[in-house]
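Work through the exercises below with the model open. Each task is followed by a solution in steps.

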Amino acid sequence: MTQQQSRERHGPRAGANTSAGAVERNGINTVPESERHGTPRSLFWPWAASGLSLLSVVYSSYLMGLGLGPWEAIASGAIGYVLSFVLVGLISIAGARTGAPTMAIGRASFGRVGNKLPTLFSYVSNVGWETVLVALSSLGGSAILARVSPGTFARADGSTPTTAAQALCFAVTAVSVVVVGIFGHALIMKVQKYLTAAITAMTVVYMVLMADRIELSVIGDGGSGGLGTFIGGIVFAMTLLGLGWVNCGADYSRYLPRTSSGRAITGWTTLGGVLAPLVLLLFGVLLNAGDPELAQAAAADPVGALAAELPTWFLVPYLLTAIGGFASGAIMDIYSSGMSMLALGVPVRRHLAVLVDGVLMAAGGWYVLFVSPSFFATFQAFLSVIGVAMAAWTAVFLVEQWRRRRTGFDLSAVRTLGWPAVLSLGVATAVGLGLITSADPNIAKAVGFLLTDSAAHGTLGAMNLGVVVALVVAGALYAATASLADRSAPEGAR
């Protein structure tokens with residue numbers, strides 16, 4: 001048995017310090033009962049902080065950019081947010097029941113070897129989101145710095161931020177995220193609670209300052225996007241929020257006592273995850289409906305565009321609010337991406353895995369900031385592709401959780417390869433990718449292969465149903481085939 005395997009199986013040595021001021025020693029091992037604490041209510045804070053970002057205001061622009069009217073954007077966003085975060089809540093139950101992080105629990109269905117495939121998807125998803133959030137921080141932050149101190153942070157035209165300004169904002173956010181991620185779960189739970197309070201207060205101030213730009217007349221506008229576009233809005237909203245977190249749910253509930261209420265875990269996780277985004281979505285729709293130029297600018301530079309009309313005295317607080325919101329989400333992503341790296345079998349300690357992720361985050365941020373021709377196109381393509389894979393994985397995970405609702409998970413004895421799970425994930429992902437479209441010309445070549453040209457550019461293409469289809473296909477296929485593997489598996493590996 002390797003040292004890494006020993007840590008996974010037996011956990012840290014007795015007396016491990018789990019306080020916020022100490023580096024977390026638990027890796028992907030089962031958290032000992034002696035370290036379990038708290039109530040499901042505590043899950044509200046990390047998930048509230050993860051969605052309490054001004055980017056949630058910009059999501060309204062993205063939804064309306066699909067062709068949705070104001071109320072269609074609000075309705076589709078609300079449905080998509082709630083549906084997707086309920087999935088996160090359901091997966092979080094497994095964390096309390098097992099004491100293990102999400103992708104380690106996945107071994108129960110995929111097997112030790114087969115689990116590497118979805119874990120790789122999870123890792124890419126987390127690192128991708130880290131990159132997006134930190135890159136957005138630098139885009140918006142540098143734009144604000146250029147206004148505050150044009151002589152230092154603006155180019156010759158007086159308004160375009162310098163590369164140095166972007167690099168400075170990127171570095172500040174990235175370093176903060178990596179440091180908190182290194183300390184781990186206890187510090188994350190504490191930091192997220194304080195971030196939620198601080199960002200909420202500053203966001204309220206921002207909304208008050210921008211209140212005179214709200215277009216209340218859109219309240220009576222029913223919109224005319226059509227059913228296909230409306231469904232596409234729901235799917236897109238799911239990928240914007242909950243489907244980006246499904247592979248992380250158990251990571252933050254695994255320190256709860258094993259007997260914690262499953263309904264409470266699901267409820268508090270869902271409430272925390274959707275409350276702030278729903279309020280900010282409504283505010284964003286009212287803000288952007290009467291200002292198409294703002295929506296267009298926000299697609300290219302979300303934070304900088306929303307700050308364009310702010311008074312100078314609030315720019316620095318706004319910058320801190322924006323960076324704090326992005327950092328709160330990136331902190332959770334980098335912690336979970338470290339867990340995914342360990343679940344892949346990479347022989348490093350958890351805090352070193354966070355450092356590796358930080359390097360990849362920096363490389364990805366360079367692409368988004370200085371190479372990608374369109375942030376929105378690349379962002380939407382990333383969400384759709386990863387959303388398909390994670391939707392398929394979610395279905396397999398939840399079916400397995402349902403099958404083990406009475407017996408529980410025995411993570412000490414798992415099969416080498418859970419072929420029904422791998423088959424279900426592979427088939428569902430392939431079908432799902434074949435039914436989505438992308439505005440990114442490079443990614444568009446690899447998706448939509450099951451759609452005709454007319455369908456890809458019509459209602460079916462706008463719906464991007466591949467995400468939902470992947471969820472349904474994977475769940476149905478795994479439910480039908482999982483029992484076949486059980487019959488042939490040794491008693492201890494079922």
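This is a predicted model: local features need pLDDT of at least 70, side-chain atom pairs count only at pLDDT 80 or more; totals for chains, interfaces and linings use all residues.

**Exercise 1. Determine how many residues of α3 are buried, and name them.**

Step 1. Helices (H or I, at least four residues) and strands (E, at least two) are DSSP runs, numbered from the N terminus. Buried means under 20% relative accessible area, exposed over 50%, and partly exposed in between, with a 1.4 Å probe and protein chains only.

Step 2. Count. In α3, nine of the eleven residues are buried, so by this definition the helix is mostly covered.

Step 3. Name them. The buried residues are L55, S56, V57, V58, Y59, S60, S61, Y62 and L63.

Step 4. Look past the helix end. G67 follows α3 and has a positive phi, near 110°. G69 lies in the loop between α3 and α4, and at a relative accessible area of 8% G69 is buried.

**Exercise 2. Summarise the chain: which secondary structure does it hold, and what share of it is buried?**

Step 1. The secondary structure comes to 22 helices and zero strands.

Step 2. Of the 494 residues in the protein chain, 57% are buried.

Step 3. Among contacts between residues at least 6 apart in sequence, 85% join residues at least 24 apart.

**Exercise 3. Identify the residues that touch the most other members of the largest nonpolar core.**

Step 1. A nonpolar core is a set of buried Ala, Val, Leu, Ile, Met, Phe, Trp, Tyr and Cys residues joined through side-chain atoms within 4.5 Å.

Step 2. The largest such core has 128 residues, and W47, Y206, Y318 and W393 touch the most other members. Helix α15 (residues 315–343) gives the most to this core, with 15 residues.

Step 3. Take W47 as the example. Leaving aside neighbours within four places in sequence, its contacts include F85, V88, W245, Y252 and M332.

**Exercise 4. Describe the largest cavity: its volume, its lining and the helices that supply it.**

Step 1. On a 1 Å grid over the protein atoms alone, a cavity is a set of points where a 1.4 Å probe fits but cannot get out; lining residues have an atom within 4 Å of a point. Grid points are joined across faces, edges and corners, and a volume is the space filled by probe spheres set on the points.

Step 2. The structure holds five cavities of 30 Å³ or more, and the largest has a volume of about 180 Å³.

Step 3. Its lining has 18 residues, of which S50, Y59, W129, L133 and W245 lie nearest the centre. The elements giving two or more residues are α2 (44–51), α3 (55–65), α7 (116–148) and α15. The most, four residues, come from α15.

**Exercise 5. Is L355 buried, partly exposed or exposed, and where is it found?**

Step 1. L355 is found in helix α16 (residues 350–370).

Step 2. Its relative accessible area is 41%, so L355 is partly exposed.

Step 3. Not counting residues up to four places away in sequence, L355 touches V178 and I182. L355 and G181, 174 residues apart in sequence, are 8.8 Å apart in space, C-alpha to C-alpha.

Key:
Residues are numbered from 1 along each chain as its sequence is written. Side-chain values use heavy atoms; hydrogens and water are left out. Contact means heavy atoms within 4.5 Å. On a 1 Å grid over the protein atoms alone, a cavity is a set of points where a 1.4 Å probe fits but cannot get out, and a pocket is an open set with protein on both sides within 12 Å along at least five of seven lines; lining residues have an atom within 4 Å of a point.
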